[in-house]
Amino acid sequence: MTSSIASSLVEETPFAAPLEASRHFAARLAVETDPSDVHHDLKHGAGSFVLVDARSPEAYGNGHIPGAVSLPHRLINTQSVQSLDPQIPIVAYCWSPACNAGTKAAAKLAALGFQVKEMIGGIEYWRREGFEIAGRLGEDAPLIG
């Protein structure tokens, strides 16, 4: 006779102990932020960070978050960051959760001595939340590159 109770896929891997989970999630929050929090800070003048668009110059020109600076991840090196103040934290973003240019930019910037967070969700989720877009095409800019 077979059991009619299904096995839990969620519990197939045991839950972490609360202290272990707390450390894990705190570590993620130390290196990640989201569009809503970034928008809040920009709108209210809270925090002091540089917002970096890690996509191509063309993508940035077509549409970007107002106030963001273009710094394509492939161009990040000691020379390209000379205009950035190492005392001011950086938030990097790219296209979407399927893009890792923001992650690559954050890794390179951290290796160069900057405090950095990645804005998870990228400009796609910024736009999904209805936040303003600057650039040549604005709201008509493509959602992917």
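Visitor: Hi! Which residues does His73 touch, leaving out those up to four places away in sequence?
Guide: Hello! His73 touches Ala54, Ala101, Lys104, Ala105 and Lys108; contact means heavy atoms within 4.5 Å. Please keep in mind that this is a predicted model, where local features need pLDDT of at least 70, side-chain atom pairs count only at pLDDT 80 or more, and totals for chains, interfaces and linings use all residues. Residues are numbered from 1 along each chain as its sequence is written, and side-chain values use heavy atoms, with hydrogens and water left out.

Visitor: Okay, and where is the place of His73?
Guide: His73 is in the loop between strand 3 (69–70) and strand 4 (90–93). Strands here are DSSP runs of E with at least two residues, helices are runs of H or I with at least four, and both are numbered from the N terminus.

Visitor: Is His73 buried or exposed?
Guide: His73 counts as buried because its relative accessibility is 8%. Buried means under 20% relative accessible area, exposed means over 50%, and partly exposed is in between (1.4 Å probe, protein chains only).

Visitor: Let's zoom out. How many helices and strands does the protein have?
Guide: The protein has 5 helices and 5 strands. Starting at the N terminus, the elements run α-β-α-β-α-β-β-α-β-α.

Visitor: In what order do the strands sit in the sheet?
Guide: The 5 strands form an open sheet in the order 1-5-4-2-3, and the pairing is parallel. Strand 1 and strand 3 are the edge strands, each pairing on one side only. Two strands pair if DSSP finds at least two bridges between them.

Visitor: How many bridges join strand 1 to strand 5?
Guide: There are 2 bridges between strand 1 (residues 32–33) and strand 5 (residues 116–119). Glu32 has Glu118 as its bridge partner in strand 5.

Visitor: What about strand 4, how many bridges link it to strand 5?
Guide: Strand 4 is joined to strand 5 by 3 bridges, and Ile90 stands opposite Val116 in strand 5.

Visitor: New topic! What is the radius of gyration of the protein?
Guide: The protein has 19 Å, whereas a compact globule of 145 residues would have a radius of gyration near 15 Å. That radius is taken over C-alpha atoms, and the globule rule is 2.2 Å times the number of residues to the power 0.38. Along its principal axes, the C-alpha trace spans about 70 × 35 × 30 Å.

Visitor: What share of the residues count as buried?
Guide: Of the 145 residues, 34% count as buried.
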